[in-house]
Amino acid sequence: MKPSPVGYSRPHSVAEAVQALASLGPEAKVLAGGQSLVPLMSLRLARPEHLVDINRLTELGYIDISGSNVTVGALTRHAGLLASTAAGRAQPLLAHALRCVAHPAIRNRGTTVGSLVHADPAGEMPAVLALLGGSVRVASGRGDRVIEAADFFLGPLESALEPDELAVEARFPVLAPAAGTGFAEVSRRRGDYAICGVAVLASLTDDGSSIRQAAAAYLSVGPVPVVLDLTDAVAAQPAGDRAASYAGVRELAAQHLRPEGDIHATAAYRRQLAGVLTERALRQAVAAAAARIGGGRS
Amino acid sequence: MTGEELHEVALTVNGTARTARVPARRLLSDCIRHDLGLTGTHVGCEHGVCGACTVLLDGAPVRSCLLLAVSADGCDITTVEGLAAGDGTLSPVQQAFAECHGLQCGFCTPGFLTTITAGLKANPEPDDEQAREMVGGNLCRCTGYQNIVASVHRAAELTRAAGLAPRPGAPA
Amino acid sequence: MSSLFGARVQRVEDDRLIRGRGAYLDDLGADALAAAFVRSPYAHARITGIDVSAALEVEGVAAIYTHADLPDRLGQPLPLLIPHPDLTHGRTPYPLAKEEVNHVGEAVAMVVAADRYLAEDAADLVDVSYEELPAVVGIEAAREAADLVHPDVPGNRAANSVQEHGDAAAVIAAAPRRLELDLHIERSASTPLEGRGVLARWDEHAGQLRLWTSTQTSTGVRAAVAARLGLALTDVDVITPDVGGGFGVKIVHPWPEEVLVPWAARLLGRPVKFTEDRREHFIASAHERAQLHHVTVGFDDDGRIRGLSVRFWHDNGAYVPYGLIVPIVTSTQLLGPYKPDAYRVEFDSLYTNTVLVTPYRGAGRPHGCFVMERTIDAIAAELGLDRTVVRERNFIQPGEMPYDQGLMFQDGRPLSYDSGDYPALLAKLKQLIGWDEFAARKQAAAAAGRRLGIGLACYVEGTGVGPYEGGHVLVETSGKVKVATGLTTQGQGHQTVLAQLVADELGVPLGDIEVVTGDTRRFGYAVGTFASRTAVMSGSAVTLAARKAREKALRVAANALEVSADDLVIEDGIVHVKGDPDAGMSLGTVAVLSNPLRYAFDEAAAAATQFAGGGDLTRPPVAEDDEPGIEGRAYFSPVRSTFASGMHAAIVATDPDTAEVTILRYCVVHDCGRLINPRIVEGQIHGGVAQGVAGALYERMAYDEYGQLQNASFMDFLMPYVSEVPRQIEIDHLETPSPLNPLGVKGAGEAGVIPGAAVLAAAIEDAEGIAITSMPISPSDLFELRRGAGA
């Protein structure tokens, strides 16, 4: 399985990269981590005419943490973001989800921004971006623009990027003081694409006694990440009580999600998982939020 | 490979400067094996799942079948051939595999050896869960993994015994 | 010198391999042209045209071949290796498809180019036009035969076969109780980490072919290639390089590539190499495991089986080059350690438009074991009896050995168990897993909302299958010992195990022995590596060969030392008088002395020349019935197979919400007779268990109704990582030595995988209270079963 012939350039600046994309046209693809693109090329399922290799753009390998966002540059590898304790403190969901992305060798090379652009509905990071309401900044010869998460994922493996655009960074909102996150997924083998995965963001009342608001984002249940508002099913539910039943979210998930079946799982099973995992992830999120309020490490 | 544009690739492989002239589509795995003649790195799937092709790129394990050689230009690569000492002494990881019967056909082994070498550098005293995590992304069809996990623990022991482990907190 | 038999010796092959100095097929032939194949994208189609003109334009292409280019002999269908009277409609593929393709992946054209990248570029441009035909996929469709795979094979039936002893129908009818079961196993495959590969060099001056292939039988390949290319056997060498796993798939020969690559090398006057990629391995090598069974069993109130009737359908894929071995093994090994009064087994081997089916570790036994063990569990459930009690009541007792099951085994010889102690095995297993204590544990877990289940499964395995293997032992003048046997190695540690035997027999240090396997230049008569036969066959043969060499060495040394051979021993490579280590000579010197040379190359040789003095001048330097050198050559050919056995037990937890299955404990008790190297045997068990678990919970070939393999990659074919296999495999051994070979050993290579599906189905059923009759079972499958059962 060898790739078909392809042209290649390795720009030294974002401007050069963007210029290359503009002149090469839609048959050019950006090569960053390559963990998704290269196997597709080896299988000859992808036959780009030209690759624009951005691995020299080391200035894009940053992780910036501000009061509002964790901002990740296009060349930041999954492994780097996972290892960042500062990022982990500012937005714990990032590390929690990243730990489920493939295996370490893939994470050493694959980029988080790249996985967002790849827009695999079974990917963890698109769901995280969607849940947190993050955004992606893209550059082109026509200037920069910011695409909000809600507008970013158009379909399976289809992002809102134009062919001449280069994604340069992604912004993940940080965790609010009275909030917590959870993440749960089930895959056939450890490290495989999830059969179903759920990321949850929950906020508690200021005194931490009950849930004020909650939302969940799902992977592998639709053509794009699906975000559900769980608030109705959990509002005012007690937060400190481990025995509290959040069974209502299972109902909600079952009602609103329409997953499909494939060789690994039936649609009904996916729906079952969605419900179960929503509850599990919600529990994690509530406990994390309670601990955060209680002054514990989050 | 005639007719295609060739690119100069300069790599440091196992401490030695090497060069190759390859088309852009040349996979790093093929470059290492056929252009540089280092056939110790094996190819099991060419879609990044089996890990047999794992090499260390600037010290970090990566799938060489998922990298284009041109993309690795200027990088530092360690393959299985670079794990033993200059005088031929086996590294603790290699030694452990021999002691623990951690290999049978040996095809997946180079990928495990490089992966564990880097893994123990980052975490010299893995507990059982961490040892499994360390080898969790490589496939083996022969051993059923039992002796591979044992090899990780033994390698950690041998590294400590040889005084090779970095002190906790010290730079690796 | 203490004996190495039974020693946990570290492997001699490891140093090379861990340094990255292995020489697997693709590591060889740097100067060779590369072959790639155009393969059918359709499961069933007529080829209406092939246009290679655009492909020929690709720079670096040396040639492109289709069936039309093949000479007569090569253009015939590939050989049907193992005929059988019941195989009335055997069909094998052409090396390149002639008019029809019968599975996705079937080879249609071969491209030879400067490298694989260019070869694939050219293959892309070969324009094949097809007329699609209906595809027959799955056993039910094959059985219904609304469409045919081969137009001249009615009912898609390659074979119908019956074996029986006693009148099962009558016995079942007369039995106090009866049960019927329908059981199903899905396809999986060997999937070694290294795919297939062939490298050919043709020597035009000598008119000789040298072939390297990643195979389990070099002599098999040699014979097949020589025949197809019209060459004398002596003009073909086949060398098996390091092989990255076989597990059965590499016993098939000749693959199309194995005859086409040498043919092309000869035509082009250049070495040619083919290295299979992963996708090709999925769609162009071989699979195994798919069968559908209908069981009728008659038993009494004690659970003793009176009559057993099994009717099954075996999916053999598009062609049957390997004959009926798999279903025959299922038919016969299904009986396991039990002795029903009457048994009847009938199977249909059916064609489907899918990849061919040839043996994969276990070779039909896993299916047989699954069927028998599920049946016994069903009997136990029906009677409310403990599952181990029902088994005990049906065991062949040690006192009944040898036990003739009244059937014909895969080697064409009577299915007669030579030895074994099944009650002892079961007692060990129950102790190891804590069988009697489990009920309480299960109850306690249930109270905490956890679902636990326990299962067990027993098997018997015919190993050391004939007809023969040979061994050659040569002592060099340096004192080093060279050993050769013709069968091959794929990671089983043959170089170590066989050296241990020779070290013991000859009294030579392990490090002085070098073993070569699978090279026809070194040993030309062999069968191959399969059916867990190496320790029995080659182990016995090299032992006997070493014995001959030893006897000769003692005779030569005795003559030189002027003592009786009975007074001599060999220790650490020195032949000396018992109790007097100084009165002796090295084996190397003995080797020199055994070869009376005219020319003296060095001092040691000078001592041996006929002019050096000494020796009886009235006798020739080499006696009439003697030979120069210290060598031994011997063959081992057993009267029949020797039967190993084992039992596995597992405790699982099933998640009430997600239906995920976790294996909490996995126990193995195992009898493969005497163990030459326990560490290597345990390694084989570990690997086998991993494949058994994989086949039970993860692996299946997902074909759609068009015959497209939907998971032809490691991304979707779920070969397990470390996280999917049991954390620990607890093993206990029993040794009932085999009376059928000089070593008392039985085969161990396949044992670990045989009961995997059976034991896990039983454990999951115990946890869930739902009948598990189809494997593999995924969490999604279990969830759907729960829904169906209203759980």
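Is Val225(C) buried or exposed? Val225(C) is buried, because its relative accessible area is 0% and the cut-off for buried is under 20%. Before going on, a reminder that this is a predicted model.

Val225(C) sits in helix 6 of chain C, which covers residues 218-229. What does Val225(C) touch, once neighbours within four places in sequence are left aside? The contacts are Leu209(C), Leu211(C), Glu258(C), Val259(C) and Pro262(C). Take Leu209(C): 16 residues separate it from Val225(C) along the chain, and their C-alpha atoms are 9.7 Å apart.

Next, salt bridges. Side chains of opposite charge can pair when their charged atoms come close. Over all chains, the whole structure has 81 salt bridges. I will go through a few of them.

One is between Asp657(C) and Arg250(A), with 3.4 Å from N to O. Asp657(C) is in the loop between strand 26 and strand 27 of chain C, while Arg250(A) is in helix 11 of chain A, so this pair joins two chains. Both ends are partly exposed: Asp657(C) at 25% relative accessibility, and Arg250(A) at 28%.

Another is within chain C. Arg157(C) pairs with Asp348(C), and their closest N and O atoms are 3.3 Å apart. Arg157(C) belongs to strand 7 and Asp348(C) to strand 15, so to speak distant parts of the chain, 191 residues apart. Arg157(C) is partly exposed at 37% relative accessibility, whereas Asp348(C) is buried at 4%.

A further one links Asp732(C) to Lys428(C), at 3.5 Å between the closest N and O atoms. Asp732(C) is in strand 28 and Lys428(C) in helix 12, so the pair ties together parts of chain C that are 304 residues apart in sequence. Asp732(C) is partly exposed, at 27% relative accessibility, and Lys428(C) is partly exposed with 27%.

Last, the interface between chain C and chain B. Here 56 residues of chain C are in contact with 57 residues of chain B. About 4,500 Å² of area is buried between these chains, and carbon and sulfur atoms give 55% of that. There are 6 salt bridges between them, including Asp26(C) with Arg33(B), where the closest N and O atoms are 2.7 Å apart. The count of residue pairs in polar contact is 28.

Which element of chain C gives the most to the side that touches chain B? Helix 18 does, with 9 residues. By class, that side of chain C has 23 nonpolar, 17 polar and 16 charged residues.

Note on methods:
Residues numbered from 1 in each chain as written. Chains lettered and ligands numbered in written order. Predicted model: local features only at pLDDT ≥ 70, side-chain atom pairs only at ≥ 80, totals over all residues. Heavy atoms only, no water. Contact = heavy atoms within 4.5 Å. Buried area = accessible area lost by both parts, 1.4 Å probe. Salt bridge = Lys/Arg side-chain N within 4 Å of Asp/Glu carboxyl O. Polar contact = N/O pair within 3.5 Å; in protein donor to acceptor, adjacent residues only side chain to side chain. Helix = DSSP H or I, 4+ residues; strand = E, 2+ residues; numbered from the N terminus. Nonpolar A, V, L, I, M, F, W, Y, C, P; charged D, E, K, R; others polar. Buried < 20%, exposed > 50% of the residue type's maximum accessible area, 1.4 Å probe, protein only.
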